[in-house]
Amino acid sequence: MPHRHRHHRAVGAAVAATAALLVAGLSGSASAGTAPADSAPTAAETLRTDAAPPALLKAMQRDLGLDRRQAERRLVNEAEAGATAGRLRAALGSDFAGAWVRGAESGTLTVATTHAGDVSAIEARGAEAKVVRHSLADLDAAKARLDKAAAGVNTADTPVWYVDTRTNTVVVEAIRPAAARSLLAAAGVDRSLAHVKSRTERPRTYYDLRGGEAYYINNSSRCSIGFPITKGTQQGFATAGHCGRAGSSTTGANRVAQGTFQGSIFPGRDMAWVATNSSWTATPYVLGAGGQNVQVTGSTASPVGASVCRSGSTTGWHCGTVTQLNTSVTYQEGTISPVTKTTVCAEPGDSGGSYISGSQAQGVTSGGSGDCRTGGETFFQPINALLQNYGLTLKTTGGDDGGEEPSEPGGTWAAGTVYQPGDTVTYGGATFRCLQGHQAYAGWEPPNVPALWQRV
């Protein structure tokens, strides 16, 4: 918010016969049914965890209580965990009930399933298995019913709800328990699927061309740049929708004329983009501690439990973890869904700013509660949904930004397209299934990145 000035299951032997385990017990880049060539990059190599700058590692150390070696290993483990979870999600089909990482170095990946027969396949991949009652699809469907019901119910006293894969429930966080019961009843969600959790604070939006830098809206309120982008030859940046409406003008932190909001959605979603004038150049960086550049190499979404750091023009660099995906949150202005819930703090003026895991863009700051002195929580609008909605291309240091289809060897895969888990494409005469959500770019063709694509 602007700162006012100041299957069913075809789990065959190929899945059960795991590849050599990598760091901290997580399985490597072998995909179910097909083992990549020895030269195939690991997930950590694909996602360039080695590109994490000292400033980001230092912030992780401060906010997550790690030393540098632990921070580096955590990023590697999270990259490998995401790829392993993606393969198991594809293999388990409708039995899949979610995945998350835990431990100081994110060394343990847990994959939940509704079928005990999947346990051996999960463990063969180096993950812990948890047998639960409800599938992720069932939980997502219940959450969707809550979203629909919320359109006709006052959710001021039930401001946050989400799918919690770790407890295998849909959680409603409520100021008043009676309000949560009313919302669940209106949605027709069985209480066996739900858990009501008490909270005391109401989230608020953090009103207020490197990600995290300040910009001003109509020479008045202040927000933070999310991520520099391109749309064809036009340059600009992604930010939060509540920061400005289409047509609003912006000036940079230096108060020089900068651009104009081209699209903005709030409430419902919290996404927007600004087209900048020729005086501004989009760079593939986020503003780090001490003014250092933190490079952005892609937008692969991180799993629950993963580390994430935020850059904003009020409080700078802060880190925490992803606590929930697919969350709905109610602000005074209305309900936003889906957003990602985190333990990272923020304050007014940080809105719109960048969330990044390692070198992978995650989203833009929406709102939260608390502050960076006493601690708090925040919610971010996932970047891939924003890019997809407006047809934008994330500015990165890896590959070419552009969104053009490859001329050879052809197929339906296209750079610039945002892919979600389960999407299928053809490339070079073969079919591939997406394992992790990301925006594609040249260099990330399916055969080259087994962390993101599985041949089927």
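The confidence of the predictor in each residue is given as pLDDT, on a scale from 0 to 100. The structure is a predicted model, in which local features need pLDDT of at least 70 and side-chain atom pairs count only at pLDDT 80 or more, while totals for chains, interfaces and linings use all residues. Residues are numbered from 1 along each chain as its sequence is written, and side-chain values use heavy atoms, without hydrogens and water.

The protein chain has a mean pLDDT of 90, and 88% of its residues reach 70 or more. Residues 4-37 have pLDDT below 50, and this stretch makes 87 contacts (heavy atoms within 4.5 Å) beyond near neighbours in sequence. Residues 400-407 also stay under 50, with 15 contacts beyond four places in sequence.

A volume is the space filled by probe spheres set on the points, which are joined across faces, edges and corners.

The largest cavity has a volume of about 140 Å³. Its lining comprises 16 residues, with L47, A79, S302, S357 and Q360 closest to the centre.

The largest pocket holds about 990 Å³ of space. Of the 38 residues lining this pocket, R89, A301, L325, Q420 and P421 lie nearest its centre.

Terms used
On a 1 Å grid over the protein atoms alone, a cavity is a set of points where a 1.4 Å probe fits but cannot get out, and a pocket is an open set with protein on both sides within 12 Å along at least five of seven lines; lining residues have an atom within 4 Å of a point.
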